Every structure is written in C-alpha cells, then in structure tokens.
Amino acid sequence: MRVVPWSQIKSWHCIACGKCCKHYDVVLKFPEWLNIVKTFGINFTSPSISKFFLRRRTDGSCIFLYETRSRSFCSLQEHKPQACKLWPFKISDTPKFGNQYKATYFYRNRRLFVYVDSACHGLRFGEPSKEFSYSVLPEFVEIALGLQRRQFKTTALP
Ligand code: SF4
Ligand code: SF4
C-alpha cells in the first residue's frame, strides 16, 4: 500500500474496475455487522478473534461484488460499510501517514489529515481541481465524520 497526501491528487472518479472489492478485507463496525447479519444472514460475514469482516469468495472477491463484462458494482448499496464508502481515502485527526503539511485539509475550520491509497485506478495525479477539492473531498469527509451516509460523488454511477 502506497499512501499519498490528497494535495497530490488532481481528481478522483470511480471507474468501477472492482480492484478494491477483490483484493482487500473489509472490516465491519459492530452495527454494520449486525445489520448485514439481520438482513442477509451470518454467512455473508466472517469473524476473526477481534474483528468482523465481509465474507470473501474463494477467488478473494467480496461476496457482494457484482460484475458485468466491463464493470464491477456493489450489490450491498444501502448497507455498504463505511470502509467501502471511504476507499481509497483515509481521513483522520492525526497525520497518521506523515507529510502533514500536504495532507492537511480544513473542513469547517476543523483540521483533518487526508491521504489516498495510490492503488486505486480512479486517481489522476496533479494539482487538485476545484471539483475535487470542494465537491468530492467534502463528501468523503462528511461520511468519515458521520455527517452523512448517502453517496453522490464517492461511488461509481450504475
Ligand atoms: S474505487 Fe478505485 S479501485 Fe475501487 S472500483 Fe473504483 S476505481 Fe476501481
Ligand atoms: S461491500 Fe460493495 S463496495 Fe464493499 S467490497 Fe463488497 S462489493 Fe465492494
């Protein structure tokens, strides 16, 4: 995993390649786990000693991944875990991954540190665009802070 500060990203747009749904474990918060178990059953999750995860198929892909010939989609939508909504961004109150000046992002006068996993295929590197800085990133931040759940900019369109 190579993580870069948000200020090195020109734009982000999910191209529904499905990479993030095929190679990573998705950790569930307890209420998310409970909701999925109640809705779909226990077999759609997998536990470890201290965490709950979404279940993965034998090929490593998430059990809720739905693929067409050219694109990949999430069939979980209304129940999508926060970890999936935030991918590939990592938002925190502390400069977890260093480079604090370039990672600083102010949201309503609150100083946050925003990083991006460079493995995502939807990233374009360069000077941040206005759309990215003032429209896309705030939605990620609001989801991270629990201020909103709906996704408009932070997911691929069906
Ligand atoms: S978030 Fe990135 S890696 Fe995941 S499906 Fe979209 S473009 Fe691909
Ligand atoms: S829940 Fe949806 S977005 Fe998250 S890994 Fe599974 S298919 Fe991908």
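Student: What radius of gyration does the protein have, and why does it agree with a compact globule?
Tutor: Keep in mind that this is a predicted model. A compact globule with 158 residues would come out near 15 Å, so the protein's own value agrees with that. Along the principal axes, the C-alpha trace spans about 45 × 35 × 25 Å. The radius of gyration asked for is 16 Å.

Student: What share of the contacts between residues at least 6 apart in sequence joins residues at least 24 apart?
Tutor: Some background on the protein: its secondary structure comes to 4 helices and 11 strands, and 23% of its 158 residues count as buried. For contacts between residues at least 6 apart, the share joining residues at least 24 apart is 65%.

Student: Which element gives the most to the largest nonpolar core?
Tutor: That core has 16 residues, and W6, V114, Y115, L137 and F140 have the most contacts inside it. At least two residues each come from β2 (9–12), β8 (89–92), β10 (110–117) and α4 (130–144). The top contributor, with 5 residues, is α4.

Student: Which residues does Y115 contact, leaving aside neighbours within four places in sequence?
Tutor: Y115 is one of the residues with the most contacts inside the largest core. Once those sequence neighbours are set aside, its contacts are V3, V4, P5, W6, K90, F97 and A103.

Student: How many residues are in the second, separate core?
Tutor: Its members include L28, C62, F64 and L76. Of these, C62, F64 and L76 also turn up around ligand 2. The count for this second core is 13 residues.

Student: In the open sheet of 3 strands, which strands stand at the edges?
Tutor: The order is β3-β5-β4, with antiparallel pairing. An edge strand has a single partner, so one side of it is left without a neighbour in the sheet. The edge strands are β3 (27–28) and β4 (45–47).

Student: Which residue in β5 does T45 stand opposite?
Tutor: β4 and β5 (residues 52–54) pair in the antiparallel sense over 3 bridges. The residue in β5 opposite T45 is L54.

Notes
Residues are numbered from 1 along each chain as its sequence is written. Chains are lettered from A and ligands numbered from 1 in the order in which they are written. This is a predicted model: local features need pLDDT of at least 70, side-chain atom pairs count only at pLDDT 80 or more; totals for chains, interfaces and linings use all residues. A residue is near a molecule or strand if its C-beta atom, placed from the backbone, lies within 6 Å of it. A nonpolar core is a set of buried Ala, Val, Leu, Ile, Met, Phe, Trp, Tyr and Cys residues joined through C-beta atoms within 7 Å. A residue is buried if 20 or more other C-beta atoms lie within 10 Å of its own, exposed if 12 or fewer, and partly exposed in between; C-beta atoms are placed from the backbone. Two residues are in contact if their C-beta atoms, placed from the backbone, lie within 7 Å. The radius of gyration is taken over C-alpha atoms; the globule rule is 2.2 Å times the number of residues to the power 0.38. Two strands pair if DSSP finds at least two bridges between them.
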